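Me: I'd like to go through this one with you, a few spots at a time. Can you put it up first?
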Amino acid sequence: RRRLFRELRGNPGQRPGILVLDLLAGKDVGPAVERFRQGDEVLKAIPSGRCFALTRDRSLTPEDMPGLHEDLRKVAARIVAEGVDVLHYFHAGPTVAAALVGAELANGCWVILYQHDHGSYLNFGPLKTR
């Protein structure tokens with residue numbers, strides 16, 4: 001199982017994409033993700049047309065969930081339309097939003113999870129194995 005996770009972490013796919021979910025009020029993680037992307041051979045090769053972002057400029061509330069879900073479905077449709085087979089996912093926000101993303105994307109392409117760690121990002125491998 002560890003070997004499988006290692007293999008999946010390193011699999012760039014034929015049509016990789018990037019999704020940045022930024023739901024932290026008063027922050028913009030986009031530039032940090034872009035710096036990390038430019039330093040990573042696999043990620044910097046991904047065309048901008050397959051880079052997606054979903055952001056909010058204020059704290060997420062329960063009342064925001066229907067709109068967030070709708071916006072996430074629109075982004076997911078664009079990801080499918082671009083033929084993405086491996087999605088590199090960068091999450092900045094509440095856990096409840098991560099659960100929503102997991103539920104929405106779990107049955108599509110491979111989703112590789114990244115977590116911020118000491119000024120960089122760590123590849124934690126796939127959302128799930130098939």
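Predicted model: local features only at pLDDT ≥ 70, side-chain atom pairs only at ≥ 80, totals over all residues.

Me: Let's start with H2, then. Which residues of that helix are buried?
Reply: In helix H2, which covers residues 30–38, the buried residues are Val33, Phe36 and Arg37. Looking down the axis of H2, these buried residues fall within an arc of 100°, so they line one face of the helix.

Me: And what do the buried residues of H2 pack against?
Reply: They pack against strand E1 (16–22), helix H3 (41–44), strand E2 (51–55), strand E3 (86–92), strand E4 (110–117) and strand E5 (120–126).

Me: What is arginine 37 in contact with, leaving aside its neighbours within four places in sequence?
Reply: With those neighbours set aside, arginine 37 is in contact with Ile18, Leu43, Lys44, Ile46, Pro47, Ser48 and Cys51.

Me: Changing topic to helix pairs: at what angle do H4 and H5 pack, and how far apart are their axes?
Reply: Helix H4, residues 65–81, packs with helix H5, residues 95–105, at an angle of about 40°, and the axes of the two are 11 Å apart. H4 and H5 are therefore oblique to each other, and H4 passes H5 in a right-handed crossing.

Me: Which residues make the contact?
Reply: From H4 the contact is made by Met65, Leu68, His69, Leu72, Arg73 and Ala76, and from H5 by Val96, Ala97, Leu100, Val101, Glu104 and Leu105. Sorted by type, the residues of this contact of H4 with H5 divide into 9 nonpolar, 1 polar and 2 charged.

Me: Staying with H5, which of its residues are buried, and what covers them?
Reply: The buried residues of H5 are Ala97, Leu100, Val101, Gly102 and Leu105, and what covers them includes E1, H4, E3 and E4.

Me: Over to the strands: is leucine 87 buried or exposed?
Reply: Leucine 87 is found in strand E3, and it is buried, because its relative accessible area is 0%.

Me: What does leucine 87 touch, not counting residues up to four places away in sequence?
Reply: Without those residues, leucine 87 touches Gly17, Ile18, Leu19, Ile79, Leu105, Cys109, Trp110, Val111 and Ile112. As for cysteine 51, 36 residues apart from leucine 87 along the chain, the C-alpha atoms of the two are separated by 9.3 Å.

Me: Now some loops. Where is valine 84, and is it buried or exposed?
Reply: Valine 84 has its place in the loop between H4 and E3, and with a relative accessibility of 9% it counts as buried. Not counting residues up to four places away in sequence, valine 84 touches Arg15, Pro16, Gly17, Arg50, Phe52, Ile79 and Cys109. For arginine 50, which lies 34 residues apart from valine 84 along the chain, the C-alpha separation is 7.4 Å.

Me: What about asparagine 107, buried or exposed?
Reply: Asparagine 107, in the loop between H5 and E4, is exposed, with a relative accessible area of 70%. Its C-alpha atom and that of lysine 128, 21 residues apart along the chain, are separated by 9.3 Å.

Me: Last one, the backbone at histidine 118: what is its phi?
Reply: Histidine 118 has a positive phi of about 50°, although it is not a glycine. Most residues other than glycine have a negative phi. Histidine 118 is found in the loop between E4 and E5, where it counts as exposed at 79% relative accessibility.

Notes:
Residues numbered from 1 in each chain as written. Heavy atoms only, no water. Buried < 20%, exposed > 50% of the residue type's maximum accessible area, 1.4 Å probe, protein only. Helix = DSSP H or I, 4+ residues; strand = E, 2+ residues; numbered from the N terminus. Arc of directions from axis to C-beta. Contact = heavy atoms within 4.5 Å. Axes fitted to C-alpha atoms, helices over the stretch in contact; angles between N-to-C directions. Parallel < 35°, antiparallel > 145°, perpendicular 65-115°, else oblique. Left-handed = near helix turned anticlockwise from the far one by under 90°. Nonpolar A, V, L, I, M, F, W, Y, C, P; charged D, E, K, R; others polar.
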